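The sequence and the structure are shown first.

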Amino acid sequence: MAEPSSKALDGLRVKIDAVDQELLQLLRRRLDLVAEVGAIKHKDGVPIYAPKREASMLAKRRAEAEAMGIPPQLIEDLLRRMMRESYISENDVGFKRIHPTLGPVVIVGGAGKLGQVFANLFGLSGYEVRILDKADWARAPQLLADAGAVVISVPIEATCEVIERLPPLPVDCLLVDLTSIKQGPLAAMLRVHPGPVLGLHPMFGPDVSSLAKQVVVVCHGRAEAKYQWLLEQIQIWGARLHEAPASEHDQAMQLVQAMRHFTAFVYGLHLKREHADIEQLLQFSSPIYRLELAMVGRLFAQDPSLYADIIFAQPDALARARHYLQRYQEALALLEAGDKAGFCDSFAEVAEWFGDFAEQFRSESANMLMVANDSRSV
Ligand SMILES: O=C(O)C(=O)C[C@]1(C(=O)O)C=C[C@@H](O)C=C1
């Protein structure tokens, strides 16, 4: 159906077009200024993400917007979106190299997606990067002979085996892994290499356009002073570091990743077995349900072995999944007994446990839903 129009409407739309074109000019100017900022940050080794500057800028623009009768959230949304663009542009300028005398960085598994993210970042920071992938093992001793750092970025299941397979490394070479479990790989690295050892877990997938605002978990291994350069380098790339013992990391991962993926997998399996019609579900779905479906559906767009690895690699995955099943059975018993009051009691118990986070998550998700809705065209 053609959209209705009128002379008056057309006249106003011409004016709106002119305003939008002015906005484009302003965006161009902003992007050019950000490019200049990027060049200075590159030279001086300043992190691309500047949280204090962002907070003060947002607070000032919000107050100014309010005084002008503009919803403050509007300017905040626009600025945040523009800053996302700044991170990408500042990323592509490259970064200061924190360790100018380091030998080549060898990425084991560098043909994989996460390996490529790090190969790119090291390259953008001026390090010599070498890739050692499955087909290159015959050349491993050559590739590693003068390595300054070796980064293990292979599937979880293969990590320890690959570490054990490494030829002896130069004694000062840093051995670091990026695997999403930490205790096993860290112990294996400490066993095979007498030099500096570090466990990292980047808390993001390979599709990030920059490391701004991302978190990297740091599990210290050996000779911390010898890998400070890398921690500093990662912060210059924009990420925040979170230090934790490997055991604490692995326990948290069990709940955050393994159980999450397992329940999403079961939910997907259930939808399939129930012959749910996705088209129809979407027609009937409010934005939050669409988002939930997207969270589950995105899992099945990816490599099954990646998820199998994450779930099966956890030593107490089975016990945790059994506990979860028990919770399900407890909830089912409430349903069987028609015990609405019992359901509300349990609900209140969980709400109390969530505390202030419940309200925080409600408002955060409301924002996400608005953004998700903005990007819909039908
Ligand atoms: O002011 C800076 O440091 C910038 O890099 C510019 C900018 C912006 O786009 O305004 C981008 C990223 C920073 O986190 C803060 C602000």
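## An exposed tryptophan and its patch

With a relative accessible area of 67%, Trp 353 is exposed; this residue lies in helix H14. The model is a predicted one, and the values reported here are computed from it.

Trp 353 belongs to a nonpolar surface patch of about 550 Å², which is made by Val 350, Trp 353, Phe 354, Phe 357 and Phe 361. Two helices, H14 (340-354) and H15 (356-374), each supply at least two residues of this patch, and H14 gives the most to it, with 3 residues.

## Aromatic pairs

How many aromatic pairs does the structure hold? There are 10 of them. One is formed by Phe 122 and Trp 237, whose ring centres are 5.1 Å apart and whose planes stand at 90°, so that the pair is edge-to-face. Phe 122 lies in helix H4 (residues 113-124), whereas Trp 237 lies in the loop between helix H8 (228-236) and strand E7 (240-243), and the pair therefore ties together parts that are 115 residues apart in sequence. Phe 122 and Trp 237 are both buried.

Phe 354 and Phe 361 also form an aromatic pair, with 6.3 Å from centre to centre and 80° between the planes, and this pair is edge-to-face.

The rings of Phe 122 and Trp 237 are part of one aromatic cluster, which is formed by Phe 118, Phe 122, Tyr 127, Trp 229 and Trp 237.

## Cysteines

A disulfide is a covalent bond between the sulfur atoms of two cysteines. The structure holds 0 disulfides. Cys 219, for example, is in no disulfide, and the nearest cysteine sulfur, that of Cys 160, is 14 Å away.

Cys 219 is buried, with a relative accessible area of 0%, whereas Cys 344 counts as partly exposed, at 47% relative accessibility.

Key:
Residues are numbered from 1 along each chain as its sequence is written. This is a predicted model: local features need pLDDT of at least 70, side-chain atom pairs count only at pLDDT 80 or more; totals for chains, interfaces and linings use all residues. Side-chain values use heavy atoms; hydrogens and water are left out. A disulfide is a pair of cysteine sulfur atoms within 2.5 Å. Buried means under 20% relative accessible area, exposed over 50%, partly exposed in between (1.4 Å probe, protein chains only). Rings of Phe, Tyr and Trp (its six-membered ring) pair if their centres lie within 6.5 Å; planes under 30 degrees apart count as stacked, over 60 as edge-to-face and the rest as tilted. Helices (H or I, at least four residues) and strands (E, at least two) are DSSP runs, numbered from the N terminus. Patches are made of residues with over 30% relative accessible area and no salt bridge: like charges are joined within 9 Å, nonpolar side chains (Val, Leu, Ile, Met, Phe, Trp, Tyr) within 5 Å. Accessible areas come from the Shrake-Rupley method with a 1.4 Å probe; for residues, only the protein chains shown count as cover. A salt bridge is a side-chain nitrogen of Lys or Arg within 4 Å of a carboxyl oxygen of Asp or Glu.
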